Amino acid sequence: RECPSRAARHASGGRGRFVLRRAMLLSRSPAGPPEAAGTRTPMLRRHQRTSSRRRSRWGVLHLATTLLLLSATSTRAMVHDLVIHNDERALYRIESFCFKEAGYMELEVSDFRAHSLVHAKDKSYRAGFVMRRAASESAAQQELEESLEQKACLLDYYAKDDGGGDHPKKTVFQIELANDKEVQRSRSDTQSYVIQKGEEGLYSLIFARCAPTTGTTSYHLKAKFANPGPRFLSACDAALPTLFAVFFGIYATTACLWIGYLLFARSDILKPHYIHWMMGILVIFKAMAMLAQALRYHYVDRTGSGEGWQFVYYVFASLKGVTLFVVILLIGTGWSLVKPYLSDREKKVVLVVLCLQVVDNVALVVFEETAPGSQQWLTWRDVLHLVDILCCCAILFPIVWSIRHLRRAAAADGKTRDTVEKLTLFRQFYVLVVSYIYFTRIVVFLLAATLPFDLLWLRYVFSEGGTIAFYAVTGYKFRPREDNPYLPLKKDDDVPDDD
């Protein structure tokens with residue numbers, strides 16, 4: 001019953017043979033009197049319950065691993081499979097890709113249907129797909145917004161855009177599937193295009209429904225983008241495998257130096273605290289996330305598939321995100337540095353941030369695995385940004401409370417040297433956290449929107465550079481050292497917080 005098949009025995013790793021041998025030994029043991037059997041029954045029951053719980057945990061783990069491997073083998077990058085059903089949007093961008101000379105794109109549209117929501121006499125339909133070039137992400141988005149405001153049809157630009165001179169064509173090709181009065185039955189079309197010399201750049205695949213203005217569309221789109229080689233990674237992201245490998249080396253070196261410093265500092269004077277070890281774990285998670293990203297983009301570039309490394313990245317990115325916010329929260333509350341406990345209010349903040357991080361990690365996975373251009377992709381993108389902003393705001397409250405507490409302590413003891421240094425340190429940490437959030441969440445986003453297509457990889461340099469600087473300054477400020485301004489907290493400095 002434990003191992004009904006060879007596959008089950010192989011999956012259990014020999015556990016079935018152990019259970020079988022144990023059952024045979026129990027069956028060979030002589031049966032005692034009823035009193036003895038009765039005394040053994042509670043022990044056997046406890047063992048059975050423990051074995052059942054253990055088997056259930058292993059079963060859940062095995063099922064999760066199997067599903068993970070199955071989904072990893074079926075995931076493709078830059079080979080998009082998008083299904084839209086009764087979408088009311090008239091104009092939206094599906095995907096962006098940077099092409100080099102001789103790069104190619106293939107589009108296959110099937111089951112295309114258009115429906116009007118208004119019963120009008122002239123039921124003319126006009127809809128299709130356009131591949132247009134833009135100087136940057138912000139320029140492409142601005143063009144869409146202007147087209148919506150002016151109620152212009154992007155399908156008309158293909159005939160007008162003849163290029164010429166130093167201004168090559170922006171629209172390289174389009175697929176117009178509905179241009180008559182009868183489109184209730186499904187339509188299909190397949191088209192490909194090779195990028196010519198002088199047409200390199202950032203291209204956006206856009207869906208446009210010019211008529212009717214109020215209606216719905218449904219279709220199944222398969223799009224394949226590639227550069228010469230073939231290289232399935234966008235030309236804008238060609239430097240990412242090497243870049244993430246370099247960042248992995250930096251974070252790994254930083255983790256080794258930090259852990260070595262903590263091991264060297266294990267003494268009565270330079271005794272590291274729990275928060276210092278958590279800082280080291282955070283850097284390790286970050287380094288592993290960078291390694292998974294480097295391997296993921298490497299295989300995407302070569303084969304068009306992440307080869308399962310995207311899920312390894314999701315695991316370490318989730319662990320890194322949770323650990324980062326928890327470390328900032330604990331440093332802000334002074335836990336393990338100033339006090340060995342957390343108040344009820346601080347525990348609630350930590351619990352709220354952990355719950356938000358669970359939602360954020362789920363949104364990250366769904367966002368990365370959902371086809372761009374769909375309604376679900378836009379929804380989960382907004383959820384991801386919203387939860388991230390809420391977490392960034394929540395981690396600031398404990399720092400503000402610690403500053404208020406130290407300010408009261410300074411007023412009570414006449415601003416002694418230790419209290420003033422603690423207050424100055426936590427004020428600097430507050431400014432550091434706010435600067436890190438502002439730079440990585442706002443400044444980097446604005447820079448990425450304005451960078452030209454061949455420099456879009458710099459957004460990762462700015463983001464990871466700011467993160468490395470934040471880790472380095474925080475580690476330097478709160479490192480274990482002699483005469484720390486935050487260690488230890490004297491009894492006369494411990495002023496209870498009435499709030």
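How many of the 25 residues of α8 are buried? To find out, select residues 309–333, the extent of helix α8, in this predicted model.

**Helix α8**

Helix α8 has 25 residues and reaches 36 Å from its first C-alpha to its last. That span is close to the 36 Å expected at 1.5 Å a residue. Of its 25 residues, 20 are buried, so α8 is largely enclosed by the rest of the structure.

**The largest nonpolar core**

Now select Val 433 and Phe 470. These are the residues with the most contacts inside the largest nonpolar core, which has 53 residues. Helices that each supply at least two residues of this core include α6, α8, α12 and α13 (458–477). Helix α7 gives the most to this core, with 9 residues.

Keep Val 433 in view and display its surroundings. Leaving aside residues up to four places away in sequence, Val 433 touches Ile 328, Ile 395, Leu 396, Ile 399 and Phe 470. A second, separate core of 27 residues can be shown next; among its members are Tyr 193, Phe 207, Tyr 219 and Ala 223.

**A nonpolar patch on the surface**

Turn to the surface and select Tyr 438, Ile 442, Phe 445 and Leu 446. Together they form a nonpolar patch with about 440 Å² of accessible area. Leu 446 lies in helix α12, which covers residues 417–450. This leucine counts as exposed because its relative accessibility is 51%, and the cut-off for exposed is over 50%.

**Backbone details**

The remaining stops concern the backbone. Select Asn 86, in strand β1 (residues 79–87). Although Asn 86 is not a glycine, its phi is positive, at about 50°. With 39% relative accessibility, Asn 86 counts as partly exposed.

Move on to Ala 102, in the loop between β2 (91–99) and β3 (104–116). Ala 102 is likewise not a glycine, and its phi is positive at about 75°. Its relative accessibility is 40%, so Ala 102 counts as partly exposed.

Finally, select Gly 229 and Pro 230. Which kind of peptide bond joins Gly 229 and Pro 230? The bond is cis, with omega at about 0°. Pro 230 is located in the loop between β8 (215–226) and α6 (240–264).

Notes: Residues are numbered from 1 along each chain as its sequence is written. This is a predicted model: local features need pLDDT of at least 70, side-chain atom pairs count only at pLDDT 80 or more; totals for chains, interfaces and linings use all residues. Side-chain values use heavy atoms; hydrogens and water are left out. Helices (H or I, at least four residues) and strands (E, at least two) are DSSP runs, numbered from the N terminus. Buried means under 20% relative accessible area, exposed over 50%, partly exposed in between (1.4 Å probe, protein chains only). Patches are made of residues with over 30% relative accessible area and no salt bridge: like charges are joined within 9 Å, nonpolar side chains (Val, Leu, Ile, Met, Phe, Trp, Tyr) within 5 Å. Accessible areas come from the Shrake-Rupley method with a 1.4 Å probe; for residues, only the protein chains shown count as cover. A salt bridge is a side-chain nitrogen of Lys or Arg within 4 Å of a carboxyl oxygen of Asp or Glu. The expected span of a helix is 1.5 Å times one less than its number of residues. A nonpolar core is a set of buried Ala, Val, Leu, Ile, Met, Phe, Trp, Tyr and Cys residues joined through side-chain atoms within 4.5 Å. Contact means heavy atoms within 4.5 Å.
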